[in-house]
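Morning, everyone. I have one structure to walk through today, so let me put it up.

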Amino acid sequence: MNKNSLIRKFNKQAARYERNTRQRSLGEWRQRLLQDVEGHVLEVAVGAGANFPFYNRSKVDVTAVDFSPEMLSRARQMASELGIQATFQEQDIETLELPERSFDCVVSTLSLCGYKDPVKALNQINRWAKPGGRIYLLEHGMSTNRLLGYAQHLLNPAARRISGCHYNRDMIEIVDASALKVVKTERYWNGIIHLIWAQAT
Ligand SMILES: C[S@@+](CC[C@H](N)C(=O)[O-])C[C@H]1O[C@@H](n2cnc3c(N)ncnc32)[C@H](O)[C@@H]1O
């Protein structure tokens with residue numbers, strides 16, 4: 001799928017992402033993952049700002065990136081409502097250039113399912129974070145349950161067409177193939193939901 005049709009797909013989903021953000025969707029996991037985020041924070045594929053309610057606004061200064069203008073306008077609104085200090089860039093993460101070694105923390109939630117090359121995206125994240133910088137990932141991937149995994153393979157082509165994301169990526173394999181150093185992993189929902197705490201090397 002080319003980039004413009006992917007952007008159009010995500011633009012169309014922006015209102016739903018805003019509703020989910022206001023309802024604190026996946027809030028328990030976001031809260032658990034993001035409680036220590038602080039400093040100069042890069043959030044990639046920010047969507048409608050679903051993580052903003054879980055940041056301590058007195059401790060973060062966020063650079064937020066997404067290639068969907070509709071998502072970004074909602075994220076801007078969310079940051080302003082919550083008093084989160086943030087700047088926004090409408091950019092493709094896969095071609096984005098940022099100063100290297102400059103962020104204390106990098107946050108990526110529900111984004112590795114969408115990129116053409118998720119390992120490359122993680123390696124970029126590794127470069128943008130300061131050495132030892134903290135990386136926070138909340139991703140969905142292949143289940144540990146074989147039956148569900150089979151269903152994820154079957155559903156994958158339709159999921160890709162409808163929502164722009166892959167259902168059957170092996171997130172552990174992807175993160176292990178990147179330059180990140182994994183500190184801790186937790187999995188929920190038959191292993192589909194991954195919370196991963198990592199460090200830049
Ligand atoms: C599934 S949504 C997740 C949004 C948000 N992180 C969350 O947790 O709700 C994926 C987001 O990634 C963005 N995205 C996907 N591929 C991208 C890319 N290559 N560059 C920038 N943004 C991208 C989409 O526009 C969308 O906002």
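First, the ground rules. This is a predicted model: local features need pLDDT of at least 70, side-chain atom pairs count only at pLDDT 80 or more, and totals for chains, interfaces and linings use all residues. Residues are numbered from 1 along each chain as its sequence is written, and side-chain values use heavy atoms, with hydrogens and water left out.

Start with strand β2, residues 60–66. Helices (H or I, at least four residues) and strands (E, at least two) are DSSP runs, numbered from the N terminus. Is β2 mostly covered or mostly open? Covered: 6 of its 7 residues are buried, meaning under 20% relative accessible area with a 1.4 Å probe, protein chains only.

Now its partners. Pairing requires that DSSP find at least two bridges between two strands. Strand β1, residues 39–44, runs parallel to β2, with 6 bridges. There, valine 41 sits opposite valine 62. Strand β3, residues 85–90, also pairs with β2 in the parallel sense, over 6 bridges. Here alanine 64 faces phenylalanine 88. From β2 the chain passes through helix α3, residues 69–82, to β3, in a right-handed β-α-β crossover. Right-handed means the path from first strand over helix to second runs clockwise, with the strands pointing away from the viewer.

On to the ligand. What touches it by polar contact, a pair of N or O atoms within 3.5 Å? The side chain of arginine 30 has an N or O atom 2.9 Å from a ligand oxygen. For the side chain of aspartate 66, that distance to a ligand oxygen is 2.6 Å. Isoleucine 93 uses a backbone N or O atom, 2.9 Å from a ligand nitrogen. Alone, the ligand exposes 590 Å², and the protein buries 97% of that, by the Shrake-Rupley method with a 1.4 Å probe.

Methods: Buried means under 20% relative accessible area, exposed over 50%, partly exposed in between (1.4 Å probe, protein chains only). A polar contact is a pair of N or O atoms within 3.5 Å; within protein, one must be able to donate a hydrogen and the other to accept it, and residues adjacent in sequence count only if both atoms are side-chain atoms.
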